[in-house]
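Subject: A structure for you to explore

Hi there,

Here is the structure I promised you, with its sequence alongside. Please open it and keep it in view while you read my notes below.

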Amino acid sequence: MRQLNRLLLVLFLLLLPQYAWSDQTYFVTREQIDFAKLLAPPPAVGTPLQQQEMALLLTLQKDRTPDMEAFALADAERSVFRFADVVGDDFTAAKLPLTAKFFTAVKENASDLLAPAKKHWDRPRPYVANPELRPCVSRPGNASYPSGHSTFATVVSIVLANMIPEKQAQIYERAERYRLNREIGGVHYPSDVEAGRLAGTVIAAFMLQAPAFQEDFAKARAELRQVLGLPQ
């Protein structure tokens with residue numbers, strides 16, 4: 001019995017790395033996109049452009065209402081189901097398990113692609129540069145440029161609009177409000193948000209050409225359109 005237990009332990013230790021530390025497979029790899037080469041560097045602290053951006057953020061802070069703060073706080077959640085207000089009440093994770101799983105993979109892939117760029121520029125958050133700026137959302141622990149939330153909103157809006165072209169205009173408008181909420185929330189400069197919009201567009205373009213993405217996209221699209229009562 002003791003020898004059997006020892007054998008099982010050895011087998012467990014041999015197999016453990018295969019399951020616990022296996023690399024995540026993404027639709028698009030970091031080798032395909034280098035945002036440090038594609039995006040312009042962010043405005044440095046103290047430059048006229050950075051000062052203009054800070055003035056805008058302070059104005060947004062002064063003018064924001066409790067409803068605007070609540071909206072920005074709700075949009076801090078990186079979930080495609082934040083688009084339910086334009087897609088419809090049936091657009092929920094509970095009703096769309098395949099779609100939910102698919103967009104989670106899209107989100108994680110986009111975050112992985114953006115991480116090297118954030119590390120490369122390591123731009124401090126605007127509230128670090130100016131303590132007068134008081135965010136109404138949680139203060140992220142990573143760098144400011146490019147905006148991860150804005151990248152996410154752009155990627156998923158493009159993918160979602162390709163699933164439901166009937167609502168393309170509403171989806172893109174909702175993505176713009178989602179991006180703006182990062183400025184209203186006081187956690188991103190406008191240039192962070194714009195860089196995220198550009199990064200998200202590039203990521204979506206690469207994803208739409210990836211065979212693995214196309215396969216999962218087709219399954220999620222079919223589920224989504226069926227639940228929404230739209231023709232296949």
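Val106, Asn109, Ala110, Leu113 and Leu114 in helix H6 meet Ala199, Ile203 and Met207 in helix H10, where a contact means heavy atoms within 4.5 Å. By class, this contact of H6 with H10 has seven nonpolar, one polar and no charged residues. For these classes, Ala, Val, Leu, Ile, Met, Phe, Trp, Tyr, Cys and Pro count as nonpolar, Asp, Glu, Lys and Arg as charged, and the others, Gly among them, as polar.

Before going on, a word on what you are looking at. This is a predicted model, in which local features need pLDDT of at least 70 and side-chain atom pairs count only at pLDDT 80 or more, while totals for chains, interfaces and linings use all residues. Residues are numbered from 1 along each chain as its sequence is written, and side-chain values use heavy atoms, with hydrogens and water left out.

How do the two helices cross? H6 (residues 97-121) and H10 (residues 190-209) pack at an angle of about 120°, their axes 11 Å apart. That makes H6 oblique to H10. (Angles under 35 degrees count as roughly parallel, over 145 as roughly antiparallel, 65 to 115 as roughly perpendicular and the rest as oblique; axes are lines fitted to C-alpha atoms, for helices over the stretch in contact, and angles run from 0 to 180 degrees between N-to-C directions.) The crossing of H6 and H10 is right-handed, the term for a near helix turned clockwise from the far one by less than a right angle, with anticlockwise being left-handed.

H8 passes H11 in a right-handed crossing. On the H8 side the contact has Val159, Leu160, Asn162 and Met163, which meet Phe213, Phe217, Ala220, Arg221, Leu224 and Arg225 in H11. Sorted by class, that gives seven nonpolar, one polar and two charged residues.

While you are at H8 (residues 148-163), find Ser157, which is part of this helix. Is Ser157 buried or exposed? Ser157 is buried, with a relative accessible area of 2%. (Buried means under 20% relative accessible area, exposed over 50%, and partly exposed in between, using a 1.4 Å probe and protein chains only.) Leaving aside neighbours within four places in sequence, Ser157 is in contact with Phe83, Ile171, Tyr172 and Ala175.

Now for the charged pairs. The count comes to 15 salt bridges, each being a side-chain nitrogen of Lys or Arg within 4 Å of a carboxyl oxygen of Asp or Glu.

- Arg30 pairs with Asp112, their closest N and O atoms being 3.0 Å apart. Arg30 lies in the loop between H1 (2-20) and H2 (35-38) and Asp112 in H6, so this pair ties together parts that are 82 residues apart in sequence. Arg30 is partly exposed at 40%, whereas Asp112 is buried at 19%.
- Arg82 and Asp75 meet at 2.9 Å, N to O. Arg82 is partly exposed at 21%, and Asp75 is buried at 1%.
- Glu215 and Lys219 meet at 3.7 Å, N to O. Being four residues apart in H11 (residues 211-227), they are separated by about one helical turn. Glu215 is partly exposed at 48%, and so is Lys219 at 46%.

Salt bridges that share partners also join Asp75, Arg82, Asp85, Glu173, Arg174 and Arg177 into one network.

Most residues other than glycine have a negative phi, and most peptide bonds are trans. The peptide bond from Tyr145 to Pro146 is cis, with omega near -10°; Pro146 sits in the loop between H7 (126-129) and H8. Asp122 has a positive phi, near 50°. This residue lies in the loop between H6 and H7 and is exposed, at 53% relative accessibility.

Finally, zoom out. The chain has 11 helices and zero strands, where helices (H or I, at least four residues) and strands (E, at least two) are DSSP runs numbered from the N terminus. Buried residues make up 43% of the 232 residues in the chain. Among contacts between residues at least 6 apart in sequence, 82% join residues at least 24 apart.

Happy exploring!
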